[in-house]
Amino acid sequence: MSDEVYNRLVGDALEKNKTITVTFFRHLNKSDKGKQYIWNLHHQFKTFEQMRIQLASDVSGSTGPVQRVYDVEGNKITELSQLQDKHFYICCGGEAFTKAGIPTAAAAPETPAAAAAKKPDLPKASEGGETQDPEGRVISKEEAEQMIDKDIKAQKTKVCYFYGANGQCQKTDKGARFVINPTRYKTLEQLISEVSSKVRLITGGIQKIYDLEGNELTSVADLTEQGRYVCSIARSFNKSMIPEVALATDPPK
């Protein structure tokens with residue numbers, strides 16, 4: 001595979017799976033704190049009009065439902081492709097846009113340069129079939145492809161099952177099924193907090209989550225489709241912690 005084809009395939013794959021964080025404010029409402037969204041635009045909306053309808057239900061104002069959207073410089077947004085990560089946007093009803101009508105919280109948005117500085121560098125092909133990872137280490141093209149594949153898989157929605165560790169939960173506990181959307185769970189702490197609402201340990205709060213092989217989860221990206229996991233307060237894992245229900249053929253619904 002040539003470097004040109006490799007870079008194009010990498011770019012296409014990441015573009016289709018990337019998410020952006022955008023915040024929308026209501027024009028003329030100076031105290032509006034904004035409504036933030038984390039969207040994968042390739043899956044969330046097909047058209048700009050679909051997004052406008054969503055905003056009309058979420059971003060209310062005294063001048064009627066959202067009819068037009070602008071960036072903070074007053075440029076009208078008419079295509080989904082115009083939206084940029086970590087940028088602020090102003091929603092207008094029937095009134096004309098004015099910079100004086102921009103809410104205070106949106107008056108000093110993050111600049112494109114600052115937003116770009118926060119984005120991780122992607123592996124890029126170089127001469128000799130080698131690439132550099134985001135930390136500057138030289139890696140092979142195969143390793144770069146594995147990194148990209150892992151990043152893309154981490155952004156996909158997965159169905160996972162969580163169980164209380166044997167002896168740490170009620171014997172009647174059947175476990176819980178979760179649909180893991182990576183746009184909702186950004187950190188392992190967020191995931192543990194959500195799982196704790198359905199998987200309750202009688203010996204304390206969930207501190208560790210392990211797969212059935214005893215590997216400790218360190219990030220949401222470690223989750224696999226249809227994976228089964230044991231929740232525990234223990235700092236170390238042993239096979240006796242796995243409840244029989246976690247090994248059953250039929251997982252919880």
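This section describes the cysteines and the salt bridges of the structure. The model is predicted.

The structure holds zero disulfides. Cysteine 92 takes part in none. The cysteine sulfur nearest to that of cysteine 92 belongs to cysteine 91 and lies 7.7 Å away. A disulfide requires two cysteine sulfur atoms within 2.5 Å. Cysteine 92 is also buried, and its relative accessible area is 0%.

Cysteine 169 was considered next. The closest cysteine sulfur to that of cysteine 169 is in cysteine 231, at 9.2 Å. That separation is too far for a bond. Cysteine 169 counts as buried, with 12% relative accessibility. Buried here means under 20% relative accessible area, so cysteine 169 at 12% falls in that class.

Charged side chains were treated in turn. Side chains of opposite charge can pair when their charged atoms come close. The whole structure contains four salt bridges. Among them are the pairs described below.

Glutamate 49 is partly exposed, at 39% relative accessible area. Arginine 52 counts as buried, at 19% relative accessibility. The cut-off for buried is under 20%, so arginine 52 at 19% meets that limit.

Another salt bridge links glutamate 73 and lysine 99, with an N to O distance of 3.3 Å. Glutamate 73 is in the loop between strand 3 (68–71) and strand 4 (76–77). Lysine 99 is in the loop between strand 5 (87–92) and helix 4 (112–118). The pair therefore ties together parts that are 26 residues apart in sequence. Glutamate 73 is exposed, with a relative accessible area of 51%. Exposed means over 50%, so glutamate 73 at 51% qualifies.

Lysine 208 and glutamate 216 also form a salt bridge. Their closest N and O atoms are 2.9 Å apart. Lysine 208 counts as buried, at 18% relative accessibility. Glutamate 216 is partly exposed, at 35% relative accessible area.

Terms used
Residues numbered from 1 in each chain as written. Predicted model: local features only at pLDDT ≥ 70, side-chain atom pairs only at ≥ 80, totals over all residues. Heavy atoms only, no water. Buried < 20%, exposed > 50% of the residue type's maximum accessible area, 1.4 Å probe, protein only. Salt bridge = Lys/Arg side-chain N within 4 Å of Asp/Glu carboxyl O. Helix = DSSP H or I, 4+ residues; strand = E, 2+ residues; numbered from the N terminus.
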